[in-house]
Amino acid sequence: MGTFLSSFIEMIFLSCLPPVLFGLAVWGCRQLYCWFVGDDSGRPLILAASALSTPVRELGHAMMAILSFHRIEDMCLLNLHDPDGELGFVEHSYTPRNPLAVLGNFLYALGPVVTGLGAILLIFLICFNGVLPPFFGEVAALGEQGAGFKEYALTALSLIPDMFGAGEANVWGRIIGCVLLLAVCLGVHITPAELTDALSGFLIFSLLLAFSVGVLMLFDDRVMRIALSGFRTYATAVTALFLVTLLFAAAMVALGFLFGVVRTLFNIDKGTPPDFEE
């Protein structure tokens with residue numbers, strides 16, 4: 001029983017904690033950015049930060065809704081001229097009696113993380129040549145060695161310096177990559193409201209994971225170790241990509257703060273606090 005509980009808790013934490021905590025952190029950065037730049041004079045900056053990130057985000061919502069057999073009533077990937085500030089949305093409904101559809105609420109909340117990190121991974125592959133293969137090779141080696149949390153954490157942190165110093169020296173490619181990361185980063189977030197709606201789906205996900213752990217325990221101990229190694233590899237990759245996302249989200253907040261300072265010094269109208277929705 002102790003092995004079952006420890007394995008189940010570790011898998012829950014590894015699978016859910018990184019996307020949820022980092023997703024909320026990026027949401028906080030986006031809120032700060034919007035607050036600093038304001039609504040009137042800063043509206044072009046809001047739209048610039050949303051032109052790419054909002055479609056990527058809403059595609060994640062739509063993809064998870066379809067996979068979970070939710071009905072998409074209406075959707076808009078990007079509307080830069082909406083008077084209410086609703087830049088993008090996916091309106092969906094589902095049958096509460098369908099457990100898969102209820103699980104879809106949890107997947108729906110994670111959808112922007114999936115497409116957002118997928119976009120960041122694609123940017124790395126195209127613009128930061130030679131950075132990811134050694135990183136994933138090191139993560140795989142950690143799994144074979146049975147490494148602990150500290151080793152995985154240090155490996156995740158190593159991706160940030162590597163993206164600026166390792167791999168092929170393609171300066172222009174890295175500059176374009178940094179610009180694209182700035183354009184995408186603020187969309188890779190989860191809102192508190194989405195997490196609240198996802199609670200029922202999270203319960204079903206937990207039950208499915210508990211059943212899976214029980215099945216794995218029927219086999220040799222090596223099967224469980226391989227499964228846990230897979231979860232650790234996933235959590236390390238997600239954490240590393242999210243650390244890069246947070247770095248550029250913090251850069252966006254700093255840019256927003258500088259704009260706010262300039263606006264204050266030159267008495268540019270700040271307007272009311274922005275309420276842009278995605």
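1. How many residues has helix H10, and how far does H10 reach from its first C-alpha to its last? Helix H10 (residues 199–216) has 18 residues and reaches 26 Å between those two atoms, close to the 26 Å expected at 1.5 Å a residue, where the expected span is 1.5 Å times one less than the number of residues. Helices (H or I, at least four residues) and strands (E, at least two) are here DSSP runs, numbered from the N terminus.

2. On the basis of these values: this is a predicted model, in which local features need pLDDT of at least 70 and side-chain atom pairs count only at pLDDT 80 or more, while totals for chains, interfaces and linings use all residues. Residues are numbered from 1 along each chain as its sequence is written, and side-chain values use heavy atoms, with hydrogens and water left out.

3. Within H10, the residues Gly-201, Ser-206, Leu-209, Ala-210 and Val-213 are buried, a term that stands for under 20% relative accessible area, with exposed meaning over 50% and partly exposed in between (1.4 Å probe, protein chains only). These buried residues of H10 pack against H1, H4 and H11, and contact here means heavy atoms within 4.5 Å.

4. Helix H8 (residues 171–184) has 14 residues and reaches 20 Å from its first C-alpha to its last, close to the 20 Å expected at 1.5 Å a residue. Its buried residues are Gly-173, Arg-174, Gly-177, Cys-178, Leu-181, Ala-183 and Val-184, and what covers them includes H2, H3, helix H4 (99–127), helix H7 (159–165) and helix H11 (221–265).

5. The axes of H8 and H11 come within 9 Å and cross at roughly 80°, which makes H8 roughly perpendicular to H11. Axes are lines fitted to C-alpha atoms, for helices over the stretch in contact, and angles run from 0 to 180 degrees between N-to-C directions; those under 35 degrees count as roughly parallel, over 145 as roughly antiparallel, 65 to 115 as roughly perpendicular and the rest as oblique. Cys-178, Leu-181 and Leu-182 of H8 make the contact with Val-244, Phe-248, Ala-251 and Met-252 of H11, and the residues involved divide into seven nonpolar, no polar and no charged. In this division Ala, Val, Leu, Ile, Met, Phe, Trp, Tyr, Cys and Pro count as nonpolar, Asp, Glu, Lys and Arg as charged, and the others, Gly among them, as polar.

6. Helix H1 (residues 2–37) and helix H2 (residues 43–50) pack at an angle of about 155°, their axes lying 8 Å apart, so that H1 is roughly antiparallel to H2. Arg-30, Tyr-33, Cys-34 and Val-37 in H1 meet Leu-45, Ile-46, Ala-49 and Ser-50 in H2, and the residues of this contact divide into six nonpolar, one polar and one charged.

7. In the loop between helix H3 (53–67) and strand S1 (71–76) one finds Ser-68, which counts as buried at 0% relative accessibility. Phe-69 lies in the loop between H3 and S1 as well, but Phe-69 is exposed, with a relative accessible area of 56%, and has a positive phi of about 60° although it is not a glycine.

8. Leaving aside neighbours within four places in sequence, Ser-68 is in contact with Leu-100, Ala-101, Gly-104 and Leu-107. Ala-101 has its place in helix H4 and is buried, with a relative accessible area of 1%; with the neighbours within four places again left aside, Ala-101 is in contact with Ser-68, His-70, Tyr-94 and Thr-95.
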